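I open this notebook to record what I looked up in the model.

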Amino acid sequence: MSHALVVDDSRAMRAILGKQLKQLGYEVLEAEHGEQALERIASATERPVLALVDWNMPRMNGIEFIKAVRSRPELDPMRVLMVTTETELSQVRIALEAGANEYMMKPFTAEALLSKLGTMGLP
Amino acid sequence: MSEISHSIERDSVIEVTRAVCECLLGDLAEPCSQRRPLDGTDELVASVTITGVWSGDVSVRLSPALATRLAREIFEIDPTSVDEVGVRDVLGEVANMIGGNLKALLPEPSRLSLPRVVRAPRGVGSELTQAFVVGSDDFEVSVKGSSDQPMVRS
């Protein structure tokens, strides 16, 4: 079973995204911010193939987390989907330039998430 | 959804709120003309502030019973396990999503504050107040421009 990481300071969003990923067959890891997400990756038995990342989080935000991930060649295969209410085009550009593979706006449907995963070459 | 303007319109509030409800609850919220009378208890109010060309507050006001239902369904727990922290987290995310999507309809750049959640008695309506019914519960979303920029079209 592939592992996916949900990084969001909202417990509600982690629950919603986690539920949808489990229905798609993923083993889900959760983190409240970027720092904790890096710790989860380091201690995981299997490296996540996917990270769903919020933008605004305490301690380490989503952009900082993505930059940290992309600075580590061993994490190159991990696909990153930014899931956020930040919708301005300039912000989408910042996220993609930081290394996000795709960008999804909240709110979203299960179909939209599935479509984004497909775009990233994931089941 | 309406094109970008310097105001927030009622149709946008309805469209965004329905999408947020579908995402969080799997249910569509239906707009209605007014809410049922309150039974005397305080309600929960989750708000975010938008700052930019248009500045003001977007608030979601609902009963503790509906807030508990939201938390119970999202966290998949029984009603006795729902705690205040979980309820506030859910309501904050609701306000964040609605406010964030309304912000997207305004000219760039705009900023969105972190959500605030408080208990308060039912108050008077804002410039734009829209009631909704979801299942057997109701709630309302209100938009209020700051005093120098009351540019809300209802």
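I took buried to mean under 20% relative accessible area, exposed over 50% and partly exposed in between, with a 1.4 Å probe and protein chains only. On that scale B:Phe132 counts as buried because its relative accessibility is 0%; B:Phe139, at 5%, counts as buried too.

The model is predicted, so I kept local features at pLDDT of at least 70 and side-chain atom pairs at pLDDT 80 or more, while totals for chains, interfaces and linings use all residues. Residues are numbered from 1 along each chain as its sequence is written, chains are lettered from A in the order in which they are written, and side-chain values use heavy atoms, without hydrogens and water.

I searched for aromatic pairs (Phe, Tyr and Trp rings, the six-membered one for Trp, with centres within 6.5 Å; planes under 30 degrees apart are stacked, over 60 edge-to-face, the rest tilted). The count over all chains is one. B:Phe132 and B:Phe139 are stacked, because their ring centres lie 5.1 Å apart with planes at 15°.

I then turned to the interface. Counting contact as heavy atoms within 4.5 Å, I found 25 residues of chain B in contact with 20 of chain A. In chain B, B:Cys23, B:Glu93 and B:Glu108 lose the most area to chain A, together 27% of what that side buries, buried area being the accessible area (1.4 Å probe) that two parts lose on being put together, summed over both.

I looked for salt bridges (a side-chain nitrogen of Lys or Arg within 4 Å of a carboxyl oxygen of Asp or Glu) and found three across this interface. B:Glu76 forms a salt bridge with A:Lys19, with the closest N and O atoms 3.8 Å apart.
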